[in-house]
Amino acid sequence: MEVNAVEKKSALWNPWHGCHKLSEGCRHCYVYRGDARRNIDSSVITQTKSFDVPIKRKRNGEYKIPSGTLVYTCFTSDFFVEDADPWRPDAWAMIRQRSDLQFLMITKRIDRLTQCLPADWGEGYEHVTICCTVENQSRADYRLPIYRSAPIRHKIIICEPLLERIDLAPYNIGQWVEQVVAGGESGNEARPCNFDWVMELRSVCEKEKVSFWFKQTGANFIKDGKHYNIKRPLQHSQARKAGINLYGKGG
């Protein structure tokens with residue numbers, strides 16, 4: 001599955017909320033920022049009221065989420081966070097039941113994957129995409145070897161927030177990755193994202209015939225040596241205007 005934009009016909013499913021900061025990409029976490037405005041402690045992981053959203057039905061018996069929908073999964077937490085271990089088997093059961101949907105989740109905890117999978121996972125569920133975040137070279141070098149060998153049908157590398165130059169060339173991504181997503185950091189304390197880093201990732205994707213999506217500039221953007229402070233509503237549209245997205249082998 002290749003996604004080069006936020007899908008309009010999609011659904012959001014957050015079975016639990018909250019997370020523990022794990023690496024540099026978490027420093028200015030958007031969930032923590034939003035929760036702080038509501039006096040919520042983001043480090044406390046709680047099951048949400050929408051836990052069973054995928055299997056909820058209308059009065060006529062049809063599922064509320066229609067068949068074929070892309071479901072962005074666990075975007076206010078990490079699906080593999082330790083605190084959710086007791087709830088995850090039920091979440092997997094719902095995912096298994098709704099094999100007519102496409103589930104997409106992003107994790108920084110790819111090293112916990114194998115101990116968190118259901119018994120019938122095999123080489124992966126066809127309708128599940130598990131994305132791995134690598135915000136700098138250190139996390140790329142640690143997570144990508146694990147990610148490459150992981151039993152996942154659909155793999156997307158998320159370089160967001162992109163905090164420094166990342167060299168993906170050694171990882172032969174054309175053999176196992178469907179897409180690379182790049183984006184800067186949002187928020188008032190955003191660290192710089194350099195367009196040169198974005199273009200280098202794109203060059204690797206172009207060479208390897210892998211889909212590439214420049215998702216957002218971030219708030220603190222550098223291009224041609226000049227710094228730009230970009231307001232939140234414009235960060236996605238400015239990235240689109242760059243016109244550098246690639247659509248992989250089929251595009």
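# Report on a predicted protein chain

At 3% relative accessibility, Ser42 counts as buried, because buried residues are those under 20% relative accessible area. The structure in which this residue sits is a predicted model.

## Ser42 and its surroundings

Ser42 is located in the loop that runs between α1 (30-37) and β3 (46-47). Its side chain and the side chain of Asp35 are joined by a polar contact of 2.6 Å.

Is Asn39 buried or exposed? Asn39 is exposed, with a relative accessible area of 76%, because the exposed class begins over 50%. Its backbone deserves attention as well: Asn39 has a positive phi of about 55°, although Asn39 is not a glycine.

## The chain as a whole

The protein chain contains 5 helices and 12 strands. How does its radius of gyration compare with that of a compact globule, and what is the value? For 251 residues, a compact globule would have a radius of gyration near 18 Å, and the chain has 18 Å, so the two agree. Along the principal axes, the C-alpha atoms fill a box of roughly 55 × 45 × 35 Å.

Of the 251 residues, 53% count as buried. Contacts within the chain can also be described by separation in sequence. Among contacts with a separation of 6 or more, 76% are between residues 24 or more positions apart.

The largest pocket holds about 980 Å³ of space. Its lining consists of 43 residues, and those closest to the centre of the pocket are Tyr30, Phe75, Ile106, Glu160 and Lys215. Which element supplies the largest share of this lining? The answer is α1, which gives 4 residues. At least two lining residues each come from α1, β4 (70-73), β5 (102-107), β6 (128-133), β7 (154-159), β8 (179-183) and β10 (211-216).

The second largest pocket has a volume of about 160 Å³. Its lining is formed by Phe195, Phe214, Thr217, Phe221, Lys223, Tyr228, Ile230, Gln238 and Ala242.

| Pocket | Volume | Lining residues by class |
|---|---|---|
| Largest pocket | about 980 Å³ | 20 nonpolar, 14 polar and 9 charged residues |
| Second largest pocket | about 160 Å³ | 6 nonpolar, 2 polar and 1 charged residues |

Pro161 itself is placed in the loop between β7 and β8.

## Helix α5

Helix α5 covers residues 235-241, and Ala239 is part of it. With a relative accessibility of 1%, Ala239 counts as buried. Which residues does Ala239 touch, leaving out those up to four places away in sequence? They are Phe214, Lys215, Gln216 and Thr217.

The side chain of Ser237 reaches the backbone oxygen of Leu234 at 3.1 Å.

Asp224 is found in the loop between β11 (220-223) and β12 (226-229). At 67% relative accessibility, Asp224 counts as exposed.

Key:
Residues numbered from 1 in each chain as written. Predicted model: local features only at pLDDT ≥ 70, side-chain atom pairs only at ≥ 80, totals over all residues. Heavy atoms only, no water. Buried < 20%, exposed > 50% of the residue type's maximum accessible area, 1.4 Å probe, protein only. Polar contact = N/O pair within 3.5 Å; in protein donor to acceptor, adjacent residues only side chain to side chain. 1 Å grid on protein atoms, 1.4 Å probe; cavity = no way out; pocket = protein on both sides within 12 Å on 5 of 7 lines; lining within 4 Å. Points joined across faces, edges and corners; volume = space filled by probe spheres on them. Nonpolar A, V, L, I, M, F, W, Y, C, P; charged D, E, K, R; others polar. Rg over C-alpha atoms; globule rule 2.2 N^0.38 Å. Contact = heavy atoms within 4.5 Å.
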